[in-house]
Amino acid sequence: MIKKRKLLPFLFLILLGFSTTSCDNTPNSKEDYLEKFDEFVDMLEDDYKSFSKETWEKKDRIFKDFSEKWYAKYKDQLEFKEEILVKKNMIKYQIFRNSKDLKEGLKEGTEALKEVGVDLLEVIESTGDSIIENIEMELEIE
């Protein structure tokens, strides 16, 4: 019985240690920040299409840490190439995050361009003959 009482606080401390460190993305250095940000964005690539709203909310909180909190902490230490890599990760995240909206926007834009093209052709066809007639009339007058 005495052994169990001594063992319980020890087990509690071990479990507490695992729970506070196992899901922690907090970087310890600039290099760690760059590596963890890369890993975070890369792991989205395979599954982002199937994420639920709740999953995206969790990812958004993590992204905010990488793109704001930790970026501010390490930004002055970043070399030019590293700065570009961070910005690339920020852009990739936004593309993954907003891919449905981008795809829908591209579809709508393509359809709108097609409609404008058809409308333009109709205008040219309907006025083209009258423009040619006007030119012919001008040439006949002279």
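A residue counts as buried when its relative accessible area is under 20%. In the predicted model described here, W56 has a relative accessibility of 7% and therefore counts as buried. This residue is placed in helix 3. Apart from neighbours within four places in sequence, the contacts of W56 are with Y48, F51, Y93, F96 and R97. R97 lies 41 residues from W56 along the chain, and the C-alpha atoms of the two are separated by 7.7 Å.

The chain as a whole contains five helices and zero strands, in the order α-α-α-α-α along the sequence. Of its 142 residues, 20% count as buried. Among contacts between residues at least 6 apart in sequence, 68% join residues at least 24 apart.

The axes of helix 2 (residues 30-47) and helix 3 (residues 53-74) come within 11 Å and cross at roughly 155 degrees. Angles over 145 degrees count as roughly antiparallel, and helix 2 and helix 3 are therefore roughly antiparallel to each other. Their crossing is left-handed. On the side of helix 2, the contact is made by K30, Y33, K36, F37, F40, M43 and L44, and on the side of helix 3 by K59, I62, F63, F66, W70, Y71 and Y74. By class, the residues of this contact comprise eleven nonpolar, no polar and three charged.

For helix 3 and helix 4 (80-97), the axes come within 12 Å, with a crossing angle of roughly 160 degrees. This angle makes helix 3 roughly antiparallel to helix 4. The crossing of helix 3 and helix 4 is left-handed. Helix 3 contributes W56, K59, D60, F63, S67 and Y71 to the contact, and helix 4 contributes E83, V86, K87, N89, M90, Y93, Q94, F96 and R97. These residues of the contact of helix 3 with helix 4 divide into seven nonpolar, three polar and five charged.

Helix 2 also packs with helix 4, at an angle of about 25 degrees and with the axes 10 Å apart. Helix 2 is therefore roughly parallel to helix 4, as angles under 35 degrees are counted in that way. The crossing of helix 2 and helix 4 is left-handed. The contact involves K30, Y33, L34, F37, D38, F40, V41, D42, L44 and E45 of helix 2, together with E82, V86, N89, M90, K92, Y93 and F96 of helix 4. Ten nonpolar residues, one polar residue and six charged residues make up the contact of helix 2 with helix 4.

The largest nonpolar core has 19 residues, of which Y33, F37, F40 and V86 touch the most other members. Helix 2, helix 3 and helix 4 each supply at least two residues of this core. Y33, F37 and F40 are listed in the contact of helix 2 with helix 3 and also in that of helix 2 with helix 4. With residues up to four places away in sequence left out, F40 touches K59, I62, F63, F66 and Y93. Y93 is also one of the residues in contact with W56.

How values were computed:
Residues numbered from 1 in each chain as written. Predicted model: local features only at pLDDT ≥ 70, side-chain atom pairs only at ≥ 80, totals over all residues. Heavy atoms only, no water. Axes fitted to C-alpha atoms, helices over the stretch in contact; angles between N-to-C directions. Helix = DSSP H or I, 4+ residues; strand = E, 2+ residues; numbered from the N terminus. Parallel < 35°, antiparallel > 145°, perpendicular 65-115°, else oblique. Left-handed = near helix turned anticlockwise from the far one by under 90°. Contact = heavy atoms within 4.5 Å. Nonpolar A, V, L, I, M, F, W, Y, C, P; charged D, E, K, R; others polar. Buried < 20%, exposed > 50% of the residue type's maximum accessible area, 1.4 Å probe, protein only. Core = buried A, V, L, I, M, F, W, Y, C linked by side-chain atoms within 4.5 Å.
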